[in-house]
Amino acid sequence: ISVSHNTGVDELSIWLAKHLEAKVQIKADTSEDFDDFLENYNDEGELSDEIDYESKNIRVGIIGRVNVGKSSLFNRLARRRIAITSDVSGTTRDTNKAKIEVEGKECILIDSGGLDDSSELFKNVKAKTLAEAKNSDVILYMVDGKMMPDDEDRAIFYELSKLNLPIALVINKIDSKKDEQREWEFVSFGAKNSFGISVSHNTGVDELSIWLAKHLEAKVQIK
């Protein structure tokens, strides 16, 4: 082709159009949510007022330090793999969001980056995460049940508790009797709502979901 002389571009456009049509057909045939997705937008291509997820739905923030299993819990509650999980600390740096149902109650679930001060990058992630917490309606604060309670975890939990939002202390990785004994050490957080869970073994998540659904119901009535 010569773009400056506009030669050969028509042939390229015809080839491109063929493949665009093929891709549209594939997406329409394979995506169950395609029609629902289109319904979210008005004739101007803008998100419809009634599907303004950020303002109309209850926001549930999963907050915690790096590598405690936030993304794994996010995927478990969403019932599909959205967030990337890894044993590498700090894998989640950007916020993941998904509209989900918990016990029949809808909400926006937010998987935030881990709280970490080890570098400038992670300090920025931490600031963004704490901002997400303040904008949430319900907070799930996750800690690592394989470790003894941490003073910084305790301090952050106290600060978040001052927001006067429903907050649960979620102690993850309770995979054995020894972990269950260590779980009692987290009584020092003074949490009114505490759940020992194992996301990997899917234990304790049902009890957490029931608690969460109650608060979603209460928040919907208030809104």
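Let's start with Leu 16, which sits in helix α1, residues 9-30. When I say helix or strand, I mean DSSP runs, H or I of at least four residues for helices and E of at least two for strands, numbered from the N terminus.

A quick word on the source, everyone: this is a predicted model, where local features need pLDDT of at least 70, side-chain atom pairs count only at pLDDT 80 or more, and totals for chains, interfaces and linings use all residues. Residues are numbered from 1 along each chain as its sequence is written, and side-chain values use heavy atoms, with hydrogens and water left out.

Back to Leu 16. Its relative accessibility is 42%, so Leu 16 counts as partly exposed. On that scale, buried means under 20% relative accessible area, exposed over 50%, and partly exposed in between, with a 1.4 Å probe and protein chains only. Leu 16 also belongs to a nonpolar surface patch of about 660 Å², together with Ile 1, Val 3, Leu 12, Trp 15 and Leu 20. Patch members have over 30% relative accessible area and no salt bridge; nonpolar side chains (Val, Leu, Ile, Met, Phe, Trp, Tyr) are joined within 5 Å, and like charges within 9 Å. The areas come from the Shrake-Rupley method with a 1.4 Å probe, and for residues only the protein chains shown count as cover.

Now for Asp 153, in helix α6, residues 151-161. What Asp 153 does have is a contact, heavy atoms within 4.5 Å, with Arg 65, Tyr 141, Val 143 and Phe 189, leaving aside residues up to four places away in sequence.

Next, some backbone angles. Glu 103 is not a glycine, yet its phi is positive, about 55°. You'll find Glu 103 in the loop between β2 (96-102) and β3 (105-111). Asn 202, also not a glycine, has a positive phi of about 55°, and its loop runs between β6 (194-196) and α8 (205-222).

Last stop: helix α4, residues 70-78, is mostly covered, with seven of its nine residues buried. Among them are Lys 70, Phe 74 and Asn 75. Just after α4, Arg 79 takes a positive phi of about 60°.

Note on methods:
A salt bridge is a side-chain nitrogen of Lys or Arg within 4 Å of a carboxyl oxygen of Asp or Glu.
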